Amino acid sequence: MAIIEVKVPQLSESVSEGTLLTWKKKPGEVVAMDEILIEIETDKVVLEVPAPSAGVMAQIVKNDGESVASEEVIARIDSEGTAQVSPLEVKAVVADVPAPAAATGGSKGDIAMPAAAKLLAEKGLAATDVAGSGKDGRVTKGDALAASAKPAVAAPVAVAAAPAVAKPLPAVAAPVAANLGDRPEQRVPMTRLRARVAERLLQSQSTNAILTTFNEVNMAPVMEMRKKFQEKFEKEHGVKLGFMSFFVKAAVAALKKFPVLNASVDGNDIVYHGYFDIGIAVGSPRGLVVPIIRNADQLSFADIEKKIAEFGQKAKEGKISLDDLSGGTFSISNGGTFGSMLSTPIINPPQSAILGVHATKDRAVVENGQVVVRPINYLAMSYDHRIIDGREAVLGLVTMKEALEDPARLLFDI
């Protein structure tokens, strides 16, 4: 037997531990090289753990739902094993089952063999209901298999499932549901990601002097340019021309003009960043994540759209990496995709400002003394008033507005 240890991948410095989700393999089952065995949820991303060797799952050391740290052993693989119950697994099963009582003093339920007791417990059967064929009337594994109503249990792998404890699913306890009648409640623990998001939002509000400034933007010029070049753009670059690339470019223009918007606070120091790493808030099945478009000032519209599309797909599949989320000097949150008209976005620490983009709607506005209908988007920029004065914040947002209302400025960097 050649045992290979399965360890937790190296986590980043900002991630101390993770939570095991659901094992995809049970002890005794065949494992292929690089096959994904389990996923680990951290406060930032979900990591996949591949099999370091082909063989048979010999032992699960850490069960579903347990917390784990970097390089911790969570399972073992027998690289020379075959699909059957391994000695390690049998040892784990026996360790989890109380020792049987002596035949003279115990009841039939007390004298079921360990493997049999485990199988009966899984099927909800009592040992007293099974005729034992073993010594002194003990219930054997064969007796338990024969008593089971489900033939699939007869496979050797069924025993292998014993050591792994299924991740507890949040559910309303029966007594509570009965007492509440038609007003049930459900208590669900926060995921590690959700808990971390909550922690960071509270941290942001408690440590930053947050103030929000607003402005409205006539999106007609951007919409006309997008409509004019959409087909050629997609044919040339293989990606659609969205609105977010315009917002990213407009934000970079403002950050260049007012560097303090791109700065952060470190103790009593203000750190001015000479690069523009823009975080784009993206919703995922497990919560909000903010992947970073690095060196956005050096990217074309096509490059930005490709990165956004890549992040969107990764978020949907749960493939966002720690590197994707690290850093960032300014963020953009697009609540408009969900229909939001206006909001006050919360700064993403340690950044000092964030732009909130909302739904573009036809609204009545006054131009040259005349009431006309224009597609208007309300922009909101929250900023840390400790280092950013109202002048820089307001003028920065005005710079974004002017760039969007005359997008040719973005091409000439003016």
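## Overall make-up

The protein contains twelve helices and 19 strands, where helices (H or I, at least four residues) and strands (E, at least two) are DSSP runs numbered from the N terminus. This is a predicted model, in which local features need pLDDT of at least 70 and side-chain atom pairs count only at pLDDT 80 or more, while totals for chains, interfaces and linings use all residues. Residues are numbered from 1 along each chain as its sequence is written, and side-chain values use heavy atoms, with hydrogens and water left out.

Of the 414 residues in the protein, 40% are buried; buried means under 20% relative accessible area, exposed means over 50%, and partly exposed lies in between (1.4 Å probe, protein chains only). The accessible surface comes to about 21,500 Å², and 54% of it belongs to carbon and sulfur atoms, with areas taken from the Shrake-Rupley method and a 1.4 Å probe, and with only the protein chains shown counting as cover for residues. Among contacts (heavy atoms within 4.5 Å) with a separation of 6 or more, 64% are between residues 24 or more positions apart.

## The nonpolar cores

A nonpolar core is a set of buried Ala, Val, Leu, Ile, Met, Phe, Trp, Tyr and Cys residues joined through side-chain atoms within 4.5 Å. The largest such core has 56 residues, of which V248, I278, F330 and I332 touch the most other members. Helix α8 (residues 244–257) gives the largest share of this core, nine residues. Because domain 1 (3–78) and domain 2 (210–411) both give residues to this core, the core lies between them; these bounds come from an automatic or database domain assignment. Apart from this core lies another, of 16 residues, among them I38, M57, V68 and I77.

Leaving out residues up to four places away in sequence, I278 touches several residues, including V248, V252, L255, F330 and I332. A251 lies in helix α8 and counts as buried because its relative accessibility is 0%. With the residues up to four places away again not counted, A251 touches F330, I332 and M400. A251 and F330 are 79 residues apart in sequence, yet their C-alpha atoms are 8.7 Å apart in space.

## A loop glycine

G327 is placed in the loop between α10 (322–325) and β16 (330–334), and G327 counts as exposed because its relative accessibility is 55%. Not counting residues up to four places away in sequence, G327 touches I292 and Q351. The C-alpha atoms of G327 and R294 are separated by 8.9 Å, although these residues are 33 residues apart along the chain.

## Backbone exceptions

Most residues other than glycine have a negative phi, and most peptide bonds are trans. E71, which is not a glycine, has a positive phi of about 65 degrees. This residue, E71, lies in the loop between β7 (67–68) and β8 (73–78), and E71 counts as partly exposed because its relative accessibility is 41%.

N368 also has a positive phi, near 55 degrees, and N368 is found in the loop between β18 (361–367) and β19 (370–384). Because its relative accessible area is 81%, N368 is exposed. The peptide bond from P349 to P350 is cis, with omega near 5 degrees, and P350 belongs to the loop between β16 and β17 (353–357).
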